[in-house]
Amino acid sequence: PLNGFVSEWMTLQAILISPELPQWALKFLVPAVGALLALSAALAAACFVKAFGITFLGRARSAAATGAKETDRFSLAAMYALALLCLFAGVVPGAIINLLAPAVRLLTGSALPAAGDWLLLVPVAFGRSSYSGPILFSLIVFAGAATAFVINAIGARNLRRAPAWDCGFPDPSPSTQYTADSFAQPIRRVFGSVVFQARETVEMPPPGDMAAARFQVRLRDFAWEWLYEPVGATVSYAADWLNRVQFLTIRRYLALVFAALIVLLCVVAIWR
């Protein structure tokens, strides 16, 4: 029950009332956005599983990682504070929404209906849909505690230790473990050929040849090529062009100040 769930739940509520919209284009567009939202949630779950598995369940790949130690208490306190804010926004979303209501009203002209209780979040109407973070949080804590109690009651009391299953590769080298590419390969094969135009090339030496096999993957990030790269190139060009300003003479600096003053006076005259 964190802040991300609350935002997705409110988006879902907006999708559920989309048939009441007067525009037919929005009636078809909003459900499509909802399907993309569900897909993004599944991909985000896969991303976090990959990140957690590589970071916390893998072998250290360097001497620095092997001897890594916990950070200082001030850095931990900062992370704990941000985590508690995420939990607070998920358990008590009504308080956060009430704080944001004036800004939302200035931007959109309306705000969420008042629930009469800061523990509840009402996106549409009180009698139609509402969200109670404390109740959901209590159910999650109760379900987790009950599951742990049942497992401890039924399971064996003795602690047993055994080597982890390593897919038939007992080599302790970190190179034999899963990598981020290994986790992402199934998703890449499903979406990569269409979304990223993924191309896989396998170079297998003939029998008897001791050369190493090679596996290459070529991807195209269209979001980067069409959106971020042009913006980055524009910013880089503007930075290089403006870099000349610091090498101007005093006369040219005074001319720029005078031109800026004229422009500001024109703006003030037009604004009045």
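This is a predicted model: local features need pLDDT of at least 70, side-chain atom pairs count only at pLDDT 80 or more; totals for chains, interfaces and linings use all residues.
Good morning. The chain exposes about 21900 Å², and carbon and sulfur atoms account for 70% of that area. Of its 272 residues, 11% count as buried.

Let me turn to the overall dimensions. Along the principal axes, the C-alpha atoms fill a box of roughly 80 × 65 × 50 Å.

As for secondary structure, the chain comes to nine helices and four strands. Read from the N terminus, the order of elements is α-α-α-α-α-β-β-α-α-β-β-α-α. The radius of gyration of the chain is 28 Å, whereas the globule rule gives 19 Å for 272 residues; the value is well over that figure, so the chain is more spread out than a compact globule.

On contacts, consider the pairs of residues that lie at least 6 apart in sequence: 50% of these contacts join residues at least 24 apart.

Next, the charges. The chain carries 21 positive and 15 negative side chains. The centres of these two sets lie 6 Å apart.

Finally, the cysteines. How many disulfides does the structure hold? The count is zero. Cys47 is in no disulfide, and the nearest cysteine sulfur, which belongs to Cys86, is 16 Å away.

Thank you for your attention.

Terms used:
Residues are numbered from 1 along each chain as its sequence is written. Side-chain values use heavy atoms; hydrogens and water are left out. A disulfide is a pair of cysteine sulfur atoms within 2.5 Å. Helices (H or I, at least four residues) and strands (E, at least two) are DSSP runs, numbered from the N terminus. The radius of gyration is taken over C-alpha atoms; the globule rule is 2.2 Å times the number of residues to the power 0.38. Buried means under 20% relative accessible area, exposed over 50%, partly exposed in between (1.4 Å probe, protein chains only). Contact means heavy atoms within 4.5 Å. Accessible areas come from the Shrake-Rupley method with a 1.4 Å probe; for residues, only the protein chains shown count as cover. Lys and Arg count as positive and Asp and Glu as negative; His and the chain ends are not counted. The place of a charge is taken as NZ of Lys, CZ of Arg, CG of Asp or CD of Glu.
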